[in-house]
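Here are my notes for your first look at this model. Keep the viewer open and check each point as you go.

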Amino acid sequence: MRVPQPRKPDPDRRAAIRSRLLRWFRRCRRPLPWRGANPWGVLVSELMLQQTRVATVLRYYEPFLGRFPTPSSLALADMEEVLRTWEGLGYYRRARNLKAIAEAIVRDGWEPLFLRPPTRARAVSPFLRELPGIGAYTAAAVGSIAFGERLAAVDGNTARVFARLEASPLTGARLLRHAEHLSLDWMGRCRPGDWNQAWMELGSTVCAPKPDCDLCPLREQCEAYRLRMQHAFPVRARTPERIERAETVLCAVVDRRVAVCRIEEGPWWSGMYSFPRLEGGEAVRNATKLAQTAYTVTRHRVVLSAYLVRKLPKGVQPTAWIPIEELARLPMPAPQRRIATLLLERFS
Ligand code: SF4
């Protein structure tokens with residue numbers, strides 16, 4: 001691909017981008033429940049939105065805040081109840097992180113500030129950056145939206161818009177840094193929260209991976225559009241290969257009690273429950289196949305087979321045998337929940 005030359009700074013273009021973007025945002029933004037929420041609501045929404053679509057988060061945001069309306073209500077809650085409330089939203093480490101963040105907010109005396117309406121110009125991001133699960137983007141988003149901090153919040157969605165506007169050949173972290181620099185440079189005297197949300201909104205709804213340039217307020221300022229190369233930006237970095245895996249779980253039911261295992265510390269789902277697993281994806285002899293399902297976690301594609309058995313093989317130790325009806329109240333990852341639902345139907 002021919003790499004376009006970097007643009008010279010152009011104050012008129014910058015002013016046009018600023019006014020068109022903000023006017024469009026005031027007119028077209030979606031009425032999301034976390035707009036205008038207090039800082040606690042903004043923080044919860046940003047954690048939920050990490051690697052998750054708005055449409056999915058909409059199903060979980062209000063029930064979660066209804067159950068945990070303050071940092072202290074979450075800090076004092078039982079972790080299993082937190083995971084059960086989060087169940088289905090995925091990336092469960094975020095639920096653990098959010099609880100640890102709530103504990104830190106309460107412990108360090110920040111709670112009153114998180115329960116007021118959004119305030120202006122409070123430097124909260126250095127405190128947030130110390131907490132688990134809060135990187136530069138989330139700290140900047142919460143800092144700017146809830147506390148008026150002058151920070152650029154640039155994630156992959158926003159970086160894509162900048163890459164197209166500038167027809168930038170950069171990829172990955174270099175593109176993010178460049179987009180952050182441009183965003184701060186162009187922000188001028190705008191309210192940082194509105195500014196950042198306007199870019200996020202444009203990246204989510206118009207300049208999506210398949211851009212809808214006819215609806216775009218920045219079409220005249222967009223270099224990729226001028227070159228008719230919108231689909232060439234951002235330049236694709238090489239994606240890592242997918243790893244295929246098979247897993248087997250055993251649904252052992254005896255006298256209406258079922259064996260379950262608590263998932264220990266690890267990269268995924270720690271603290272939740274699964275059915276006992278067998279290493280590898282081998283078929284199980286003398287057992288009824290209950291279900292086969294597939295799921296994807298990061299770059300792993302897993303085919304999960306579940307078998308109904310009357311006893312567990314030697315060496316497979318469950319954490320507990322529980323009445324089968326209690327499966328409904330245990331926090332479980334989505335693939336295990338699908339199996340639990342089938343099992344409950346079968347034994348109802
Ligand atoms: S004109 Fe098209 S490619 Fe350019 S910013 Fe707008 S939607 Fe994105």
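This is a predicted model: local features need pLDDT of at least 70, side-chain atom pairs count only at pLDDT 80 or more; totals for chains, interfaces and linings use all residues.

1. The ligand's site. Now look at the space itself. The ligand sits in the largest cavity.

2. H1 against H12. Helix H1 covers residues 11-28, and helix H12 covers residues 192-205. Their axes lie 9 Å apart, and the packing angle is about 75 degrees. H1 is therefore roughly perpendicular to H12, as angles from 65 to 115 degrees count as such. From H1, the contact takes in Ile17, Arg18, Leu21, Leu22, Trp24, Phe25 and Cys28. From H12 come Asp194, Trp195, Gln197, Ala198, Trp199, Glu201, Leu202 and Thr205. The contact of H1 with H12 has 10 nonpolar, two polar and three charged residues.

3. H10 against H11. Turn next to helix H10 (residues 156-166) and helix H11 (residues 172-187). They pack at about 80 degrees, with axes 9 Å apart. So H10 is roughly perpendicular to H11. H10 brings Gly156, Ala159, Phe162, Ala163, Leu165 and Glu166 to the contact. H11 brings Leu175, Leu176, Ala179, Leu182, Ser183 and Trp186. By class, the contact of H10 with H11 has nine nonpolar, two polar and one charged residues.

4. Two backbone details. Most residues other than glycine have a negative phi, and most peptide bonds are trans. Tyr91 is not a glycine, yet its phi is positive, at about 45 degrees. Find Tyr91 in the loop between helix H5 (79-86) and helix H6 (93-107). The peptide bond joining Phe233 and Pro234 is cis, with omega about -5 degrees. Pro234 belongs to the loop between helix H13 (223-226) and strand S1 (243-254).

Key: Residues are numbered from 1 along each chain as its sequence is written. Side-chain values use heavy atoms; hydrogens and water are left out. Axes are lines fitted to C-alpha atoms, for helices over the stretch in contact, and angles run from 0 to 180 degrees between N-to-C directions. Helices (H or I, at least four residues) and strands (E, at least two) are DSSP runs, numbered from the N terminus. Angles under 35 degrees count as roughly parallel, over 145 as roughly antiparallel, 65 to 115 as roughly perpendicular and the rest as oblique. Contact means heavy atoms within 4.5 Å. Ala, Val, Leu, Ile, Met, Phe, Trp, Tyr, Cys and Pro count as nonpolar, Asp, Glu, Lys and Arg as charged, and the others, Gly among them, as polar. On a 1 Å grid over the protein atoms alone, a cavity is a set of points where a 1.4 Å probe fits but cannot get out, and a pocket is an open set with protein on both sides within 12 Å along at least five of seven lines; lining residues have an atom within 4 Å of a point. A molecule sits in a cavity or pocket if more than half of its atoms lie within 2 Å of its grid points.
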